Amino acid sequence: MNASTAAVHQNCTREAFYNETDVKVNICSARSFSVEEREILDSLTILCGALSLIGAAFIIVTFAVFKKLRVPSMKLVMYLSITDFVSSVIYVLSPIQTHDPDTCDVYPVCYFEAGLS
């Protein structure tokens, strides 16, 4: 990383710069979210994850109940729904704090999320 790149990283401005491979990169602002904004984002994440959980569970239950749907093409849809269900669990759990900010100890939920992904 050259001096100008390091300065952009340090200041974390929205300026565009060229990295070592001459690819244009935009650096995000260092602005953090307020407590209210973070709560809204967490609520939306949980809501969307819960809706996805409900949709995936509906497809899985429908496949299990109706024997006519147990054709190979619908099995693929059911398998995708299972993976979507697991992915949605991660979204619902994502607002949970995964590490202690004071000691940097990782909580078990972090390992659980990593295992699911």
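## Buried positions of helix H2

In this predicted model, the buried residues of helix H2 are Asp42, Gly49, Leu53, Ala56, Thr62 and Phe63, and the buried residues of this helix pack against helix H3. An α-helix has 3.6 residues a turn, so residues three or four places apart point the same way.

Helix H2 covers residues 35-65. At 1.5 Å a residue, its 31 residues should span 45 Å, and the C-alpha atoms at its ends lie 44 Å apart, which agrees with that expectation.

## Packing of H2 against H3

The axes of H2 and of H3, the latter formed by residues 72-93, come within 8 Å and cross at roughly 155 degrees. Because an angle over 145 degrees counts as roughly antiparallel, this crossing makes H2 roughly antiparallel to H3. The sense in which H2 passes H3 is left-handed.

On the H2 side, the contact is made by Thr45, Ile46, Gly49, Ala50, Ser52, Leu53, Ala56, Ala57, Ile59, Ile60 and Phe63, while H3 contributes Met74, Lys75, Val77, Met78, Ser81, Ile82, Asp84, Phe85, Ser88, Val89, Tyr91 and Val92. Sorted by class, the residues of this contact comprise 16 nonpolar, five polar and two charged. Gly49, Leu53, Ala56 and Phe63 are among the residues of H2 that are buried, and these four also belong to the contact with H3.

## Packing of H3 against H4

Helix H3 also meets helix H4, which is formed by residues 108-116, and the axes of these two helices come within 9 Å, crossing at roughly 155 degrees. H3 and H4 are therefore roughly antiparallel to each other, and their crossing is left-handed.

The contact joins Val86, Val89, Ile90 and Leu93 in H3 to Phe112, Glu113 and Leu116 in H4; by class, it holds six nonpolar residues, no polar residues and one charged residue. Val89 of H3, which takes part in this contact with H4, is also listed in the contact of H3 with H2.

## The chain as a whole

The protein chain contains four helices and two strands, and from the N terminus on its elements follow the order α-β-β-α-α-α. Of the 117 residues in the protein chain, 15% are buried. Among the contacts in the protein chain between residues at least 6 apart in sequence, 28% join residues that are at least 24 apart.

Notes:
Residues are numbered from 1 along each chain as its sequence is written. This is a predicted model: local features need pLDDT of at least 70, side-chain atom pairs count only at pLDDT 80 or more; totals for chains, interfaces and linings use all residues. Side-chain values use heavy atoms; hydrogens and water are left out. Axes are lines fitted to C-alpha atoms, for helices over the stretch in contact, and angles run from 0 to 180 degrees between N-to-C directions. Angles under 35 degrees count as roughly parallel, over 145 as roughly antiparallel, 65 to 115 as roughly perpendicular and the rest as oblique. A crossing is left-handed if the near helix is turned anticlockwise from the far one by less than a right angle, and right-handed if clockwise. Contact means heavy atoms within 4.5 Å. Ala, Val, Leu, Ile, Met, Phe, Trp, Tyr, Cys and Pro count as nonpolar, Asp, Glu, Lys and Arg as charged, and the others, Gly among them, as polar. The expected span of a helix is 1.5 Å times one less than its number of residues. Buried means under 20% relative accessible area, exposed over 50%, partly exposed in between (1.4 Å probe, protein chains only).
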